[in-house]
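This report describes the architecture of one chain and the way it meets its partner. The model is shown below.

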Amino acid sequence: MSATAPAVPPAPTHRRHDRTPDAHAFPTRPYDLVKEFVLALVGVLVLTIGLAWVFSSPDERPITMSDWATATPNDVVATAAGELAGTTTSAQYGPPYNSASDGQMLGPLALQKWAGVRIPVDSAEDLVLTPLGRISGDAILKAALAAYRAAPPVQRLAWSTAYAQALSNAPDGDPARVAPGDYGPVPVLTDRFLGLARSGGLEGTLASAESFYGIDATRSLLLLADGTHLEDQARAQHLGGDQWGMMNETGNYPGQPWMWLYTFWYQVPPFNTSDNADAQVWALMVALTLVLMLVPFIPGLRSLPRLVPIHRLIWRDWYRQHGRR
Amino acid sequence: MSSTDMQPRSWTAWLRGRISGLVPPGQALPDRQPAYVTSWIYVFGVITLAALLIVLATGGVLALGGPTWWHVSSVGHFANSLHLWSAEIFFAAMVVHLWGKFFMAAWRGKRALTWITGVTAFVGSIGTAFTGYLSQTNFDSQWIGAQAKDGLNAVGVGAYLNVLNPGQMLMWHIVLMPAVVGILVVWHVVLVRRHGVVPPIDAVGLGSPDGGVKQ
């Protein structure tokens with residue numbers, strides 16, 4: 001290896017506090033960039049093939065509505081009743097789905113509200129009543145739907161709320177063991193809704209409500225997330241929000257470790273008890289990202305590498321031969 | 001003065017001048033580097049680039065069969081495994097590269113934009129990987145989407161970027177985000193070649209006013 005004097009005329013920098021010389025003002029040595037890249041490409045390819053061969057990749061099939069109805073039928077009925085009563089997460093969510101609440105606040109900033117209702121979802125209508133309305137050949141359901149729709153909103157809400165409450169009081173939430181009460185047609189509706197979910201037809205009525213192709217799963221996922229089955233399955237695999245779940249994936253795979261800091265904030269106060277945790281964590285991460293991006297302009301922070309001796313290790317050969325300014 | 005000299009400068013000539021001036025002559029693909037470029041830390045930038053190419057290539061293979069092909073094909077599943085692990089290597093190498101450059105204070109000598117494009121590419125890559133997880137059409141996609149929507153909705157982003165819509169997420173994952181990351185990476189590499197590898201902290205160049213004398 002031979003070092004030669006610089007061939008390119010130096011162009012020293014002129015920033016007031018930056019005395020870094022031009023890279024071309026230094027002697028050079030042979031360096032085969034193309035060879036380095038090819039070797040890196042081959043090395044990474046071999047490592048990738050080896051890891052893929054040995055560890056494969058996770059692919060746990062999605063939960064279907066039929067799975068949900070089979071595994072926890074009472075949860076499906078309770079969720080349907082909750083959608084009609086307006087007590088589920090999606091029904092009370094706020095923007096971008098509805099105006100039931102303002103959503104989260106970032107101090108005085110109502111970012112969620114200001115973004116508006118751009119993906120409108122009426123939980124009772126879109127997630128329960130419309131799918132039920134597409135079932136044909138069921139006279140009892142047809143009559144129940146007609147009675148429900150004909151009733152004043154106050155009456156509908158009273159029936160649905162009473163039934164949702166009765167379900168929560170019933171042993172295991174079992175609809176067959178609900179105390180007698182004035183629930184109107186709601187028990188029929190939720191029972192048929194369970195049947196629709198069991199049949200495997202619910203996804204189609206939700207996803208293809210406005211499109212033949214149905215590539216938008218917003219309604220299906222909002223409904224699924226309103227129940228407890230999805231979260232129960234996720235928590236069983238340590239994917240809960242308070243289980244560092246946002247950086248993990250199913251099975252023993254690395255997931256997204258680069259999201260460790262984002263996930264970390266959800267585990268500690270004040271974020272783990274805040275009603276506005278999502279907005280606060282996002283704001284914090286945006287601020288930290290900007291700090292990282294603008295390190296070159298932040299006094300003190302930009303000088304940190306000079307104080308940490310890692311650079312002495314990286315350039316130990318140069319410093320040994322040439323010393324420091 | 002010839003008639004040629006009298007002609008107004010064409011847009012083509014202007015663009016050619018801008019492109020040829022991006023990198024000093026001989027520095028686009030040099031076969032020599034400053035003598036201080038001797039550490040293994042320098043390899044991680046190249047490894048990141050190599051892994052990115054494999055990520056793109058394996059993503060291209062997955063695109064051949066469509067978004068659900070890998071669920072029903074052993075070949076597709078292996079392609080997905082290659083995509084996953086090359087992405088993991090890509091991020092691992094990029095993080096080492098990033099922190100290596102931090103402790104080298106690699107923004108010195110008018111290299112702030114090089115640092116900024118690198119950090120932005122890192123953040124863009126996180127977004128790309130995130131939309132990839134949402135495009136898997138499996139349980140992970142369901143759960144990650146259900147969780148992530150709250151964060152995005154809370155700051156108003158979710159009104160435009162619907163993580164519960166795998167169609168939108170797939171388009172972002174295979175078109176928009178790779179385009180953004182690709183442009184940033186090319187820009188970053190051009191800046192690296194334009195300014196050269198940052199000299200050691202407190203180093204003195206032989207051609208600098210200090211004369212390169214050992215002190």
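## Fold of chain B

From the N terminus on, the elements of chain B follow the order α-α-β-α-α-α-α-α-α, where helices (H or I, at least four residues) and strands (E, at least two) are DSSP runs numbered from the N terminus. The radius of gyration of chain B, taken over C-alpha atoms, is 22 Å, well over the 17 Å that the globule rule (2.2 Å times the number of residues to the power 0.38) gives for 215 residues, so chain B is more spread out than a compact globule.

This is a predicted model, in which local features need pLDDT of at least 70, side-chain atom pairs count only at pLDDT 80 or more, and totals for chains, interfaces and linings use all residues. Residues are numbered from 1 along each chain as its sequence is written, while chains are lettered from A and ligands numbered from 1 in the order in which they are written.

## Interface with chain A

In chain B, 90 residues are in contact (C-beta atoms, placed from the backbone, within 7 Å) with 97 residues of chain A. Elements that each supply at least two residues to this side of chain B include β1 (32–34), α3 (43–65) and α8 (166–195). The most comes from α5(B), with 14 residues.

## Strand pairing between the chains

Strand β1 (residues 28–30) of chain A and β1(B) run antiparallel and are joined by 3 bridges; two strands pair if DSSP finds at least two bridges between them. Within this pairing, T28(A) stands opposite P34(B).

Definitions and conventions: Two residues are in contact if their C-beta atoms, placed from the backbone, lie within 7 Å.
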